[in-house]
Amino acid sequence: MKSSYENLQNNIRNIKTPVIEVWRNQYADRDYTIRIETDEFTCICPKTGLPDFASIKIEYIPDKWCVELKSFKLYIVSYRDIGIFHEHATNKILDDLVKSCKPRFMRLEMEYRARGGIKTYTKAEYKKRKG
């Protein structure tokens, strides 16, 4: 039986989004944690075309680079018209953040507002490999 979701997310890893800029960490010799939070994430459900709203919590241990917040804001706003499943959004955002700042560790959590009586929470992590 064919799923009605088939082929809705084939090119999710190749979505064009704004670049997340970084700045040089002057304390790269030390582990410390940066936490970024926003409740302004929106995207579109690829199945229904209805908007989804979420809060994002990011916690990371920087290495040489830190995330520049204005560019991150422009990045998340770019999802406003993108049809993407919650699980894919979480992983795509984590991939793009890791690619830009190359942290030692990063955790990204998203909490979607309830729609149809169902609330979704997603979490993904990245750990830099030693060596």
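1. A salt bridge is taken here as a side-chain nitrogen of Lys or Arg within 4 Å of a carboxyl oxygen of Asp or Glu. By this criterion the structure holds 11 salt bridges.

2. The model is predicted: local features need pLDDT of at least 70, side-chain atom pairs count only at pLDDT 80 or more, and totals for chains, interfaces and linings use all residues. Residues are numbered from 1 along each chain as its sequence is written, and side-chain values use heavy atoms, with hydrogens and water left out.

3. Arg35 and Glu59 form a salt bridge whose closest N and O atoms are 3.2 Å apart. Arg35 lies in strand S2 (residues 34-44) and Glu59 in strand S3 (residues 51-61), so the pair ties together parts 24 residues apart in sequence. Strands (E, at least two residues) and helices (H or I, at least four) are DSSP runs, numbered from the N terminus. Both residues also belong to a network of salt bridges that links Arg35, Glu37, Glu59, Arg107 and Glu125.

4. Lys73 pairs with Glu40 in a salt bridge, with the closest N and O atoms 1.8 Å apart. Since Lys73 lies in helix H1 (residues 69-77) and Glu40 in strand S2, this pair ties together parts 33 residues apart in sequence. Lys73 is partly exposed at a relative accessible area of 34%, as is Glu40 at 42%; buried means under 20%, exposed over 50% and partly exposed in between (1.4 Å probe, protein chains only).

5. Lys92 forms a salt bridge with Asp96, the closest N and O atoms lying 3.1 Å apart. The two residues are four apart in helix H2 (residues 86-101), a separation of about one helical turn. Lys92 counts as buried at 8% relative accessibility, and Asp96 counts as buried at 15%.
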